[in-house]
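I opened the notebook today to go through one model from its overall layout down to single side chains. Here is what I looked up, in the order I did it.

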Amino acid sequence: MTIGVDIYGKIKGKFFLQLLTRIFKSWCLVMTKCDCCSTPFKWGEILKKNFFYGPITCRNCNCVHKIDVPSRFLTTLFSVVPFLLFGMILSPFHNIFFTIVVALLIFVSGMLVTPFVVNYKLVSK
C-alpha cells in the first residue's frame with residue numbers, strides 16, 4: 001500500500017514540477033513590453049494595474065494592452081492564495097492582530113512579484 005502511495009506521489013510531483021517549469025519558462029522575470037513599439041512598461045505601472053486588472057496604455061505610442069487570463073490566475077496565485085492559506089489554515093499565532101499583519105505582509109510581497117510574471121496583450125492601437 002505504501003509503495004503505491006509513494007509511486008503516486010512521485011508521479012504527481014514530477015507532473016507539477018514539469019507544469020511549473022513550462023509555465024515559468026515563458027514568464028520568468030521578464031517585464032512586459034508594448035507589442036507595437038517594444039517599449040517596456042514600468043514596474044509601478046504594471047503593479048498599479050494588477051490590483052484591478054486594468055488596461056495599460058503605452059507611454060510612447062498610446063497602444064492599449066489588457067492583462068490575459070493566465071496572468072490573472074498567476075496574480076491571484078501569487079498574492080491572494082498565500083494570504084488566505086496563511087490567514088485561515090497555517091497561522092501559528094494566537095493573536096489575531098499579529099496574524100492579520102503577517103498575512104498582509106505575505107499579500108504585499110506576492111503583489112510585488114506579479115509585475116514580473118504577468119503578460120499584457122494588445123487590445124487597440
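In what order do the elements of the protein run from the N terminus on? I read them off as α-α-β-β-α-α-β. I took helices (H or I, at least four residues) and strands (E, at least two) from DSSP runs, numbered from the N terminus.

A note on the ground rules: this is a predicted model, in which local features need pLDDT of at least 70 and side-chain atom pairs count only at pLDDT 80 or more, while totals for chains, interfaces and linings use all residues. Residues are numbered from 1 along each chain as its sequence is written, and side-chain values use heavy atoms, with hydrogens and water left out.

**Whole protein.** I found that 26% of the 125 residues count as buried. Buried means under 20% relative accessible area, exposed over 50%, and partly exposed in between (1.4 Å probe, protein chains only). The protein exposes about 8,700 Å², with carbon and sulfur atoms supplying 71% of it; the areas come from the Shrake-Rupley method with a 1.4 Å probe, and for residues only the protein chains shown count as cover. I then looked at contacts (heavy atoms within 4.5 Å). Among those between residues at least 6 apart in sequence, 63% join residues at least 24 apart.

Three strands form an open sheet in the order 1-2-3, with antiparallel pairing. Two strands pair if DSSP finds at least two bridges between them. Strand 1 and strand 2 pair in the antiparallel sense over two bridges, and I noted His65 in strand 2 as the bridge partner of Ile56.

**Around strand 1.** Tyr53 sits in the loop between helix 2 (43-50) and strand 1. Its phi is near 55°, a positive value in a residue other than glycine. I reminded myself that most residues other than glycine have a negative phi. Tyr53 counts as partly exposed because its relative accessibility is 24%. Asn62 also made my list: it has a positive phi of about 65° although it is not a glycine. Asn62 is in the loop between strand 1 and strand 2, and at 53% relative accessibility it counts as exposed.

**Arg59.** What does Arg59 touch, not counting residues up to four places away in sequence? I listed Thr39, Pro40, Phe41, Lys42 and Glu45. The side chains of Arg59 and Glu45 are joined by a polar contact of 3.5 Å. The C-alpha atoms of Arg59 and Thr39 are separated by 8.2 Å, with the two residues 20 apart along the chain. Arg59 lies in the loop between strand 1 (56-57) and strand 2 (64-67). At 42% relative accessibility, Arg59 counts as partly exposed. For the term polar contact I used a pair of N or O atoms within 3.5 Å; within protein, one must be able to donate a hydrogen and the other to accept it, and residues adjacent in sequence count only if both atoms are side-chain atoms.

**Helices 3 and 4.** The buried residues of helix 3 are Ser71, Leu74, Thr75, Ser79 and Phe86. Thr99 lies in helix 4 (residues 96-113) and is buried, with a relative accessible area of 6%. Leaving out residues up to four places away in sequence, Thr99 touches Phe86, Gly87, Ser91 and Phe93.
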